[in-house]
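Here is a friendly walk through this structure, one region at a time. Have the viewer open as you read.

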Amino acid sequence: MDEQSLGQRLHIDFPLFFGILVLCIVGLIVIYSAGGQDMNLVYRQAVKLLIALVGMIIIAQMPPAEIARWSFGLYVFGIILLILVIFYGDIGKGAQRWLDLKVFRFQPSELMKLSVPMMVAYYLADKTLPPNILRVATVCVLITLPVLLIAKQPDLGTALLVATAGFSVLFIAGISWRLLTIMGGLGAAGAPILWYFMHDYQKRRVLTFLNPENDPLGAGYHTIQSKIAIGSGGFYGKGWLNGTQSHLEFLPERSTDFIFAVFCEEFGMLGVLFLLCIYLFIISRGLYIAINAQDTFGRLFASGLTLTFFVYIFVNMGMVTGQLPVVGVPLPLVSHGGTSMVTLMIGFGIIMAIHTHRRFLSF
Amino acid sequence: MAKEFNLKDQDHESGLIARRVYISAFIILMLIIMIISRVFYLTVLQHDHYTTLSQSNRVKITPIPPIRGLIYSRDGVILAENKPTFSLGVVPEQIDDIDETIGKLKEIVSIEDSDIVRFKKAVKKKRRFENIPLRLNLNKEEVALFAVNRHRFPGVDVVAGLNRYYPLGAKLVHTIGYVARIDDDDVKSLDESNYSGTTHIGKLGIEKSYESLLHGDVGHQQVEVNAQGRVIRVLDRTAPKPGENIHLTIDLSLQQIAIDALENRRGAIVAMDPRNGDVLTFVSSPGYDPNKFVNGIDSKSYNLLLASKDKPLINRVIQGTYPPGSTVKPFMGLVGLENGVRVNADESWCPGWFSLKGHEHRYRDWKKQGHGHTNLHKAIMQSCDVYFYTLAYELGIDRIFEGMSRFGFGQITGIDIGGEKKALMPSREWKRNALGQAWFPGETLILGIGQGYALTTPLQLVKATATLANKGHIIRPRLVSSTSNSISNEVNALHNHSENKIELSNSVYWDDVITSMKDVVHGVGGTAWRSGLNAKYNFAGKTGTAQVIGIAQDEEYKKEEIAEEFQDHALFIAFAPVESPRIAIAIIVENGGGGSKTAAPIARRMFDHFMKYRDLITKG
């Protein structure tokens with residue numbers, strides 16, 4: 001077990017690190033093609049990657065018990081920031097999401113993607129599992145509050161992701177199937193009430209969100225173009241740098257949210273299978289770490305993070321292949337962009353911390 | 001002991017968690033199979049279909065903004081139109097180095113730093129594949145020069161568009177308002193899809209309140225493009241639905257007379273048809289040029305407007321609040337009659353001043369030597385202050401507030417443009433809430449002559465005058481009489497009916513007051529008799545002179561000694577003809593001195609024109 005002990009000392013989980021690295025390299029290769037063979041874009045992304053990787057390793061040095069102690073403060077801090085955004089936020093693309101901190105712009109909803117599952121895990125960790133109805137209700141409030149604040153920005157996509165992250169922890173914590181069914185029913189019943197209180201323009205946004213084909217100049221255009229790119233790629237793909245749809249500039253946001261379409265066009269079905277294998281490898285490693293974690297917080301949080309990671313993949317691929325509404329979710333670790341990359345890497349840093357700080361005590 | 005329990009519990013829980021993780025893993029596997037089958041469906045089963053599409057995929061969808069509706073005056077003169085313009089548009093996605101491109105473009109067309117700032121701001125907000133204007137209003141030489149050099153600038157093109165233009169400029173700015181570039185605040189509430197090709201939006205006046213009608217619905221077209229994204233031909237086109245044209249109630253010739261009469265002095269003139277609420281004249285003076293605002297006014301010009309002593313940006317007709325002065329007297333008289341405090345013939349003795357019992361303070365009449373025995377008719381005709389001091393005192397604040405509120409004082413009129421102010425009709429309750437004080441009887445007295453806390457907008461005043469002319473029928477003033485479809489020319493007339501009626505216990509009261517108002521201009525000794533001389537029709541009016549500053553007890557008002565901005569406001573309300581009113585008017589000339597001298601002659605000029613023009617003269 002020499003190899004593992006090196007990992008333990010550096011607090012790096014090598015299998016996970018290896019999987020992430022492969023994904024990032026795939027990302028850089030596709031960005032080079034999608035960005036019109038612009039080396040600058042690749043350099044910029046590589047720099048962001050390095051920063052994020054360093055961040056991941058630093059986070060991995062922290063003992064999980066230390067991380068757990070941050071949960072509540074971070075959660076409250078995030079809520080305050082979300083409220084600030086409503087009052088002082090910058091507007092980009094029609095929604096208030098950013099806080100301008102002069103030095104850099106910061107998106108508090110991004111923080112909540114980590115903080116909400118962390119808070120839920122922290123809250124449930126010292127309670128008996130499965131959680132009783134009262135605790136489930138508390139968790140629901142903990143999740144709903146930031147989700148409503150994010151939905152108000154309005155950023156429905158992120159709101160849904162944050163909600164998924166929180167509820168996945170609750171699911172792992174063993175919430176009874178009966179409660180799960182009841183909550184689903186309540187959610188379905190609550191939607192029409194929420195609808196009643198929405199402004200006309202908010203309703204319009206939700207309708208476009210649900211049915212992009214209604215909006216041929218906006219979201220619908222993306223889906224039409226990305227389906228053409230994927231379909232024309234075929235089983236073997238058109239080959240790297242040979243994708244016509246992306247290079248003729250039909251495909252919008254091709255190096256960010258829609259990079260999967262470029263990947264499909266150039267590497268085909270075969271490439272997709274390869275990519276999914278890497279993702280599956282990372283996910284299984286994450287879940288393995290979760291099961292083998294030493295405390296409940298570690299188990300809950302690691303599995304919550306891993307499930308959220310999968311949800312990103314699923315939502316992005318579903319959106320690009322035209323099965324899910326178009327929401328601004330990048331393909332994790334492949335899409336160009338810094339913010340989501342940093343969030344993901346910090347998440348993986350935490351997973352590594354949970355795994356590498358285990359102590360093997362002999363009783 | 002506790003630790004042991006905890007350990008057992010841990011085992012149970014880790015088993016539970018592990019089970020849930022396995023279930024999750026199973027769900028993940030299922031979903032991944034779903035994605036794989038979807039990709040399989042697209043790449044293998046539908047491969048031929050999408051290959052065909054991709055080979056013929058040189059089609060882009062672009063929005064076509066609708067053409068904004070035009071605005072016409074009552075007489076069919078165009079007041080807001082769309083002029084063709086050319087701008088330089090840039091698609092950021094198609095350009096490697098934007099700064100370098102701008103630098104090269106500068107050699108051909110002039111690009112100011114402010115253009116670049118605005119452009120960079122827009123780049124951040126729009127999507128990368130959208131066309132963003134860099135320079136607006138290119139002249140013909142610049143368009144030609146760029147056309148020759150176009151091949152050097154992929155991603156840059158001349159975009160033809162339409163620019164809003166107001167041919168009459170300042171004359172109607174407070175009525176029509178203007179459009180300007182869509183800003184962050186607008187984006188929050190508008191339908192982004194419908195405005196995807198639109199650059200301007202109504203910001204003020206008619207342009208704002210009728211935005212949804214004027215704008216129309218966006219269209220889109222599928223265009224074939226070459227490898228650089230340049231349009232080769234249009235394949236399919238869904239035409240936009242142009243905005244509706246809007247026809248105003250404004251009578252341009254009457255508007256012009258009002259503007260000429262004010263000679264750019266500070267003031268407001270508003271005239272309306274008491275039958276249907278059509279606003280015939282809507283002048284807030286001075287105005288400013290709305291065309292400067294359309295593509296963004298430079299801050300220097302804007303600061304000049306803001307700093308101007310004349311406050312041109314204020315819409316005095318709906319936002320200017322003035323003490324109504326003696327123009328309240330006819331209404332106050334009606335409130336007195338209706339409440340049974342006075343009958344028409346009741347007289348007050350006017351020695352030139354009035355004092356409350358047990359108080360030293362003398363409330364003065366404008367006429368130092370007094371009006372002697374004065375009944376309502378004489379009190380309105382000669383504007384006797386003492387009569388109304390006593391009337392107000394007998395009525396008391398509560399009945400005054402209730403009665404004047406029925407005429408709409410202190411309430412918005414509901415005209416079809418925004419920004420209207422409520423002004424103020426004071427009451428005990430208001431004073432308690434706003435000032436935290438009880439109401440004093442002296443304040444009731446000066447309310448009787450329209451001074452003190454009372455404030456009114458010119459539009460409120462004209463609405464009240466129209467109500468009087470209508471003998472109680474209240475009508476909402478309006479600026480738009482109809483809309484028309486710019487394709488089918490189909491006219492859609494908007495109807496405006498009287499909403500409410502003030503029912504008096506005896507309808508003779510209306511005639512009492514109207515006769516008195518008629519004698520203000522036609523009677524011997526009426527305050528505005530000069531303005532009524534030789535008129536070929538009968539009209540009724542009431543002068544008003546509103547004090548801007550208080551005059552001390554032992555002082556006299558000497559015009560020469562007072563700076564212009566502290567001189568009295570001149571007011572006049574009137575309607576014509578008395579027998580079947582067709583026009584009601586309210587005039588305010590700020591610091592214009594006496595109402596009879598400054599404001600009433602303007603009404604006469606406008607009535608003369610209106611009656612002749614409408615062929616309403618039957619007398620002599």
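## A covered helix in chain B

In this predicted model, helix 19 of chain B has these buried residues: B:Pro458, B:Leu459, B:Gln460, B:Leu461, B:Val462, B:Lys463, B:Ala464, B:Thr465, B:Ala466, B:Thr467, B:Leu468 and B:Ala469. That puts 12 of its 12 residues in the buried class, and the helix is mostly covered. Helix 19 of chain B runs over residues 458-469 and reaches 16 Å from its first C-alpha to its last, close to the 16 Å expected at 1.5 Å a residue.

What do the buried residues of helix 19 of chain B pack against? Their partners in chain B are strand 11 (267-272), helix 13 (316-319), helix 14 (329-338), strand 17 (473-474), strand 22 (569-576) and strand 23 (583-589).

## Backbone details in chain B

Most residues other than glycine have a negative phi, and most peptide bonds are trans. With that in mind, look just after helix 19 of chain B, where B:Lys471 takes a positive phi of about 50°. B:Lys471 sits in the loop between helix 19 and strand 17 of chain B. B:Lys471 has 17 other C-beta atoms within 10 Å and is therefore partly exposed. B:Asn137 is not a glycine either, yet has a positive phi of about 50°.

Where do cis peptide bonds turn up? One runs from B:Ser285 to B:Pro286, with omega near -5°. B:Pro286 belongs to the loop between strand 12 (279-285) and helix 11 (291-294) of chain B. Another cis bond leads from B:Ala576 to B:Pro577, with omega near -20°. B:Pro577 is in the loop between strand 22 and strand 23 of chain B, and both of those strands are among the elements that the buried residues of helix 19 of chain B pack against.

## The two chains in outline

Chain B contains 22 helices and 23 strands. Of its 620 residues, 42% count as buried. Among contacts in chain B between residues at least 6 apart in sequence, 73% join residues at least 24 apart.

Chain A has 14 helices and 3 strands. Buried residues make up 48% of its 363 residues. For contacts in chain A with a separation of 6 or more, residues 24 or more positions apart account for 70%.

## Helix pairs in chain A

Helix 2 (residues 14-34) and helix 12 (residues 259-291) of chain A pack at an angle of about 170°, with their axes 10 Å apart. Helix 2 and helix 12 of chain A are therefore roughly antiparallel to each other, and their crossing is left-handed. On the side of helix 2 of chain A, the contact includes A:Leu16, A:Ile20, A:Leu23 and A:Val26, while helix 12 of chain A brings residues including A:Phe263, A:Glu266, A:Phe281 and A:Arg285. By class, this contact of helix 2 with helix 12 of chain A has 15 nonpolar, 2 polar and 2 charged residues.

At what angle do the axes of helix 4 and helix 5 of chain A cross? Helix 4 (residues 64-88) and helix 5 (residues 108-125) of chain A cross at roughly 140°, and their axes come within 8 Å. Helix 4 and helix 5 of chain A are therefore oblique to each other, and the crossing is left-handed. Among the residues that meet are A:Phe72, A:Tyr75, A:Gly78 and A:Leu82 from helix 4 of chain A, and A:Met112, A:Ser115, A:Met119 and A:Tyr122 from helix 5 of chain A. The contact of helix 4 with helix 5 of chain A divides into 14 nonpolar, 4 polar and no charged residues.

## Two residues to look up in chain A

A:Val136 lies in helix 6 of chain A. Not counting residues up to four places away in sequence, A:Val136 touches A:Pro131, A:Leu170, A:Ile175 and A:Leu179.

A:Lys152 lies in the loop between helix 6 (133-151) and helix 7 (156-172) of chain A. A:Lys152 is partly exposed, with 16 other C-beta atoms within 10 Å. A:Lys152 and A:Ile86 are 66 residues apart in sequence, and their C-alpha atoms are 8.0 Å apart in space.

Definitions and conventions: Residues are numbered from 1 along each chain as its sequence is written. Chains are lettered from A and ligands numbered from 1 in the order in which they are written. This is a predicted model: local features need pLDDT of at least 70, side-chain atom pairs count only at pLDDT 80 or more; totals for chains, interfaces and linings use all residues. Axes are lines fitted to C-alpha atoms, for helices over the stretch in contact, and angles run from 0 to 180 degrees between N-to-C directions. Helices (H or I, at least four residues) and strands (E, at least two) are DSSP runs, numbered from the N terminus. Angles under 35 degrees count as roughly parallel, over 145 as roughly antiparallel, 65 to 115 as roughly perpendicular and the rest as oblique. A crossing is left-handed if the near helix is turned anticlockwise from the far one by less than a right angle, and right-handed if clockwise. Two residues are in contact if their C-beta atoms, placed from the backbone, lie within 7 Å. Ala, Val, Leu, Ile, Met, Phe, Trp, Tyr, Cys and Pro count as nonpolar, Asp, Glu, Lys and Arg as charged, and the others, Gly among them, as polar. The expected span of a helix is 1.5 Å times one less than its number of residues. A residue is buried if 20 or more other C-beta atoms lie within 10 Å of its own, exposed if 12 or fewer, and partly exposed in between; C-beta atoms are placed from the backbone.
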